[in-house]
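Q: I'm new to this one. Let's go through it piece by piece.

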Amino acid sequence: MAGSQNAIFLLQELISFNTINPPGNEDECASFISDILADHGYEVKTLEFAPKRTSLVARSKGHESSKGAICFCGHMDTVPLGNAPWEHDPFAGEIVDDKIYGRGASDMKSGLAAMIMTAARLAEMGLNERVVMLFTAGEETFCQGARYIAVHPELLGPIGGLVVCEPTSSQPLLGHKGAIHLRVHTKGQSAHASMPELGDNAIYKAAEAVMKLRDMDFNVPAHPLLGSPTLNVGTISGGKNINSVPDYASVGVDIRTVPGLTPDKVLDQVKGLIADKGEVELINYATPVATDPKDEWVKEVFDIVEKVTGEKPQPAAAPYFTDASDLTPALGNPPTLILGPGEAEMAHRTDEYCYVSKLAEAVEIYTQIALKWGETR
Ligand SMILES: [Zn+2]
């Protein structure tokens, strides 16, 4: 399997699998990828975190080197189509000029196609000894598949560098903020609205908590790469009817974190801030990732990208979080880059597309990264 035409066919095949999460149903897509990589001599293992929620690891046979492999990683699931009608069939992979349309075209089936093509190419060259390809399920719902893999890192073997093939327009990014989702629950006492003095209004408490959250200061210096943490109150609900004093309300909070701000620390800070107004529940979290721009391998990848694209990469971070939040710490914190052919602005959009030309470029970049890894380590 070679050539950019094959990469396009492959991407169209990948787009044709409906892996919208929920429910995900990544198993058919995983077995399609598994067949191709097994044909190229890879040892393929699958892991289900729930029925039909299959992640897949492909390693060259006999990869046990303590020197560590380079791991490319991507997720198979996509987000739903949204309410707006699509002009292009989201599962057909229609090509118009330099664009391939479909759900997941950018986020991130183009990344998967480039990974598969790279794996095939390296196998054909006989130079795939220290390459691991990881395809995850459930990324769009807080990295469920990667979280499950992180409990079984032996499936991957020793990893020395991680490339997350999420959409970056082929520019290497050095990491991303983490995320923490919290819910603040406030309680009160119900009463008839005409006699509010007999009740205790839970919505007033929620409102006070919201105003405190709006002005929250995390007391951490800005991270040189990731900047400062952010907070957004995204949901608020409470009360059953207008003519009652509400006895319950809740507020949903999204916090984007930098290294050093652990869920425990943030939870303590929020609890201290809202004091007796309510209780704080941790819903979910993702760890921040920040790779040192001076890392030797990072410099190597920057050079490769510059050679292939003609553009000199600058140290920058991704706006979104990725599977690296779970994988990087589980693998012993290898240097981690986010680098893929999709367009970040196209992620989760109606009429999502990626550029055909970027696909071949990504295969070239990944191949050179893997070859250099094998040569120098
Ligand atoms: Zn993604």
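Q: Which strands does H9 lie across?
A: Helix H9 lies across S4, S5 and S15. Its direction is at about 60 degrees to S15. Helices (H or I, at least four residues) and strands (E, at least two) are DSSP runs, numbered from the N terminus. Angles run from 0 to 180 degrees between N-to-C directions; axes are lines fitted to C-alpha atoms, for helices over the stretch in contact.

Q: What kind of model is this?
A: This is a predicted model: local features need pLDDT of at least 70, side-chain atom pairs count only at pLDDT 80 or more, and totals for chains, interfaces and linings use all residues. Residues are numbered from 1 along each chain as its sequence is written.

Q: Back to that sheet. What is its strand order?
A: The order is S4-S5-S15, an open sheet of three strands with antiparallel pairing. Strands pair if DSSP finds at least two bridges between them. S4 (95-96) and S15 (353-355) have a single partner strand each, so one side of each lacks a neighbour in the sheet.

Q: How many bridges join S5 to S15?
A: Three bridges join S5 (residues 99-101) to S15. Tyr101 has Tyr353 as its bridge partner in S15. Helix H3 also packs on this sheet, touching S5 and S15, and makes about 50 degrees with the direction of S15.

Q: How do H3 and H9 cross?
A: Their axes come within 9 Å and cross at roughly 50 degrees. H3 covers residues 105-125, and H9 covers 356-376. The two helices are therefore oblique to each other (angles under 35 degrees count as roughly parallel, over 145 as roughly antiparallel, 65 to 115 as roughly perpendicular, the rest as oblique).

Q: Which residues make the contact?
A: H3 brings Ser110, Ala113, Ala114 and Arg121, among others. H9 brings residues including Leu359, Val363, Tyr366 and Ala370. Contact means C-beta atoms, placed from the backbone, within 7 Å. Ten residues of this contact are nonpolar, three polar and one charged. Ala, Val, Leu, Ile, Met, Phe, Trp, Tyr, Cys and Pro count as nonpolar, Asp, Glu, Lys and Arg as charged, and the others, Gly among them, as polar.

Q: New topic. Where are the domain bounds?
A: Domain 1 is 4-176 + 289-376, and domain 2 is 178-286. Those bounds come from an automatic or database domain assignment. The C-alpha centres of the two domains lie 36 Å apart. Nine residues of domain 1 are in contact with eight of domain 2. On the domain 1 side, seven are nonpolar, two polar and none charged.

Q: And the four-strand sheet: what order does it have?
A: S10-S11-S9-S12, an open sheet with antiparallel pairing. Neighbouring strands are turned by 20 degrees against each other on average, direction ignored.

Q: Which helix packs on it, touching S10?
A: Helix H5 (residues 202-214) does, and touches S9 and S11 (248-257) too. H5 makes about 15 degrees with the direction of S11. Helix H6 (residues 263-274) lies across S9, S11 and S12, at about 155 degrees to S12.

Q: Last one. What joins S1 to S2?
A: Seven bridges join S1 (residues 42-48) to S2 (residues 54-60), and the strands run antiparallel. Tyr42 stands opposite Ser60 in S2. The hairpin has five residues between the strands, and Lys52 takes a positive phi near 70 degrees there.

Terms used:
Two residues are in contact if their C-beta atoms, placed from the backbone, lie within 7 Å.
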